Amino acid sequence: SEPVSLDFMSRLAESKTLAARMRGLQEVPLSAVLLQDRGFHLNMLDAFQGMFPIIDPAVARKISHGIADVCRCLQAAQPNIRYAQGSQICRQVAEQVQAEL
């Protein structure tokens, strides 16, 4: 999923037929699947093959994007992402999540 552009939102707000019927609009990122109130998964069956032993940048971006979407759903604009100090993979994902938020 991608954020809705401001131009598109402006066109929705200016619509004479739609605005009267619409009371509110909220974008919900759907790149993560909620399992429970405390769990989610990113529906990525190829994640481990794409991250080990060499990091695939496309897989790392997809993981980062999914985690950022979960943070947006939870309204967590500045999450604390903790990882093992020596993990380059986790550091890269954490930095990408922070950059996306």
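This is a predicted model: local features need pLDDT of at least 70, side-chain atom pairs count only at pLDDT 80 or more; totals for chains, interfaces and linings use all residues.

User: How many residues does α4 have, and what's its reach from first C-alpha to last?

Analyst: Helix α4 covers residues 88-100, so to speak 13 residues. The reach is 18 Å, close to the 18 Å expected at 1.5 Å a residue.

User: Which residues in α4 are buried?

Analyst: Ile89, Val93, Ala94 and Val97. They sit on the same side of α4, because they cover an arc of only 125° around the axis.

User: Why would residues three or four places apart point the same way?

Analyst: An α-helix has 3.6 residues a turn, so that spacing points the same way.

User: And what do the buried residues of α4 pack against?

Analyst: Two helices: α2 (47-51) and α3 (57-73).

User: Switching to the surface. Which residues make the nonpolar patch?

Analyst: Val4, Phe8 and Met9, with an area of about 220 Å². Val4 lies in the segment before α1 (6-14) and is partly exposed, at 34% relative accessible area.

User: OK, now the loop. Where's Ser31?

Analyst: Ser31 is in the loop between α1 and β1 (33-36). Its relative accessible area is 22%, which means partly exposed, as the buried label needs under 20%.

User: What does Ser31 touch, leaving aside neighbours within four places in sequence?

Analyst: Leu42, His65, Gly66 and Asp69. Asp69 is 38 residues from Ser31 along the chain, yet their C-alpha atoms are separated by 6.8 Å.

Key
Residues are numbered from 1 along each chain as its sequence is written. Side-chain values use heavy atoms; hydrogens and water are left out. Helices (H or I, at least four residues) and strands (E, at least two) are DSSP runs, numbered from the N terminus. The expected span of a helix is 1.5 Å times one less than its number of residues. Buried means under 20% relative accessible area, exposed over 50%, partly exposed in between (1.4 Å probe, protein chains only). The arc is that of the directions from the helix axis to the C-beta atoms. Contact means heavy atoms within 4.5 Å. Patches are made of residues with over 30% relative accessible area and no salt bridge: like charges are joined within 9 Å, nonpolar side chains (Val, Leu, Ile, Met, Phe, Trp, Tyr) within 5 Å. Accessible areas come from the Shrake-Rupley method with a 1.4 Å probe; for residues, only the protein chains shown count as cover. A salt bridge is a side-chain nitrogen of Lys or Arg within 4 Å of a carboxyl oxygen of Asp or Glu.
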